[in-house]
Amino acid sequence: MWMRSKLLQVGALVLGAAAVAAAQDSPLLLPPGVEKELAARASDVTEVTLGKNMLGFASKFLNGKDEDEAATRKLIEGLQGIYVREYEFDKEGEYSMEQIEQLRKSFETTEWSPIVRERERKGRETTDVMMKMVNGESHGIFVLEADPKELTIVLILGPIRMEDLGKLKGLSGLGALGDLEKDTKVKDKEKDKKGGGE
Amino acid sequence: MVHEEMDDFEQELKQALQRRPAPPSLKRRVMERRVQRRSPSQMVWMRLAATLLIVALLGGGLRWGMEQREERRKGEEAKRQVMVALRITGRALNQVNTRLAAHDRGGE
């Protein structure tokens, strides 16, 4: 009897370790099953998973003569991965805020710094932008945007050069990332000034 | 004495260089030897080997071409995915900017 319970404990431990390993394999850190559940409920799903090898392979096919493609190639060189999930829903309430909170919490570590964190009063619209900083350099960006009918999760891992983002004229919005960082720095400075004056 | 020796030598040379017609059986014998050397079964094998070589070369070339095309297709697909991912990222960040701007306007 004692032996059986020990075996069960060991089995449970092995299964637990396997589940943790599987969760770690998923770079978006979405809990197992949540991704499938969201995809099943969404009316439109876009899933992009590009690891380092795939990015290297894709960069070979980016034309160096085209301005946008050349800038994209420069941007993705050295990246560890790009993971994007975009879900569009026909009606509201297809995902829970607990799921969003769970995902957000997995990025609340010392190496990820929040740049933008916004909540609508009703709590159904949230925006999070986080940066992974290593020795003062950005080594990753995480964007989580939740609307009642739309959920966008973006995770880019690897060294990101902000000046390269601005060159992507055809991909509007990416250039804004550079501005975002500048804005944040300006706001931080203003805060520091105010803090110093008080 | 020397003169006689020279005459003999000239005589021998003359005989050796004399044009003689080939024996009538020579052509037949040469042709027979040739046929013997390459029997019909040998010819078939040689032709088969040559055909197989050509087929292998053509097949290899075709496969290489197909692999190149497949590689290109996969590369174009990967490139398309990179562009889609960056476009979605750009759109999300644009929305963030818009929200922040609206928030700032509301706060003023």
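Two residues are in contact if their C-beta atoms, placed from the backbone, lie within 7 Å. By that rule, 23 residues of chain B are in contact with 32 residues of chain A. This is a predicted model: local features need pLDDT of at least 70, side-chain atom pairs count only at pLDDT 80 or more, and totals for chains, interfaces and linings use all residues. Residues are numbered from 1 along each chain as its sequence is written, while chains are lettered from A and ligands numbered from 1 in the order in which they are written.

**Interface and core**
- The side of chain B that touches chain A has 10 nonpolar, 8 polar and 5 charged residues. Here Ala, Val, Leu, Ile, Met, Phe, Trp, Tyr, Cys and Pro count as nonpolar, Asp, Glu, Lys and Arg as charged, and the others, Gly among them, as polar.
- The largest nonpolar core has 41 residues. A nonpolar core is a set of buried Ala, Val, Leu, Ile, Met, Phe, Trp, Tyr and Cys residues joined through C-beta atoms within 7 Å. A residue is buried if 20 or more other C-beta atoms lie within 10 Å of its own, exposed if 12 or fewer, and partly exposed in between.
- Residues with the most contacts inside this core are A:Ile82, A:Val143, A:Val154, B:Val82 and B:Ala85. Helix α3 (residues 40-107) of chain B gives the most to the core, with 8 residues.
- Beyond its neighbours within four places in sequence, A:Val143 is in contact with residues of chain B including B:Thr89, B:Ala92 and B:Leu93.

**The sheet of chain A**
- An open sheet of 6 strands runs β1-β2-β6-β5-β4-β3, with antiparallel pairing. Strands (E, at least two residues) and helices (H or I, at least four) are DSSP runs, numbered from the N terminus. Two strands pair if DSSP finds at least two bridges between them.
- The edge strands are β1 (44-51) and β3 (112-119), each pairing on one side only.
- β3(A) and β4(A) (residues 126-134) pair over 7 bridges. A:Ser113 has A:Met131 as its bridge partner, and A:Arg119 stands opposite A:Thr126.
- β4(A) and β5(A) are joined by 8 bridges. A:Met133 has A:Ser138 as its bridge partner.

**The β4-β5 turn**
- β4(A) and β5(A) form a hairpin with 2 residues between them.
- A:Asn135 has a positive phi of about 50 degrees although it is not a glycine. Most residues other than glycine have a negative phi.
- A:Asn135 is exposed, with 5 other C-beta atoms within 10 Å.

**Helix α2 of chain B**
- Of the 12 residues of α2(B), the number buried is 0, so this helix lies largely in the open.
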